[in-house]
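Here are my notes on this entry. Please read them with the sequence and structure open.

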Amino acid sequence: MTSSLDELETALNTVTARLLALSEENARLRAALSEQSERMRAAGHKLRVVAERLPQPAADVATDPVPQEKAA
């Protein structure tokens, strides 16, 4: 019976160590995801600023349909 208890204790120790490693990996991945999300938000903001600085088309050009060429 002592042998099966030793095996169970060994298995529990192995599982506990694996869970701790997975928990640490999860925390690392969450931090990386948070950092990447913040970088994406900052890049999106910069992109909006650049887009706002682009020259806007004249109002009449933007509303007039593009003329279609007549078929020959």
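1. Arg41 and Glu38 form a salt bridge, with 2.7 Å between the closest N and O atoms. Both residues belong to helix H1. They are three residues apart, about one turn of the helix. Keep in mind that this is a predicted model.

2. The two partners of this pair fall into separate accessibility classes. Arg41 has a relative accessible area of 51%, and the cut-off for exposed is over 50%, so Arg41 counts as exposed. Glu38, at 46%, is partly exposed.

3. The structure holds two salt bridges. Arg28 also bridges to a glutamate, Glu25, and the closest N and O atoms are 2.7 Å apart. This pair, too, sits in helix H1 with a spacing of three residues, about one turn of the helix. Arg28 is partly exposed at 46% relative accessible area. Glu25 is partly exposed as well, at 34%.

4. Now the nonpolar surface. Leu5, Leu8 and Leu12 make up a nonpolar patch there. Together they have about 290 Å² of accessible area. Leu5 lies in helix H1, which covers residues 2-53. Its relative accessibility is 49%, so Leu5 counts as partly exposed.

5. What share of the 72 residues is buried? The figure is 0%. Buried requires under 20% relative accessible area. The protein exposes about 7,100 Å². Carbon and sulfur atoms supply 61% of that area.

6. On secondary structure, the protein has two helices and zero strands. Helix H1 holds the Arg41–Glu38 pair, the Arg28–Glu25 pair and Leu5.

Notes. Residues numbered from 1 in each chain as written. Predicted model: local features only at pLDDT ≥ 70, side-chain atom pairs only at ≥ 80, totals over all residues. Heavy atoms only, no water. Patch = residues over 30% accessible without salt bridge, like charges linked within 9 Å, V, L, I, M, F, W, Y side chains within 5 Å. Areas by Shrake-Rupley, 256 points an atom, 1.4 Å probe, with all protein chains shown as cover. Salt bridge = Lys/Arg side-chain N within 4 Å of Asp/Glu carboxyl O. Helix = DSSP H or I, 4+ residues; strand = E, 2+ residues; numbered from the N terminus. Buried < 20%, exposed > 50% of the residue type's maximum accessible area, 1.4 Å probe, protein only.
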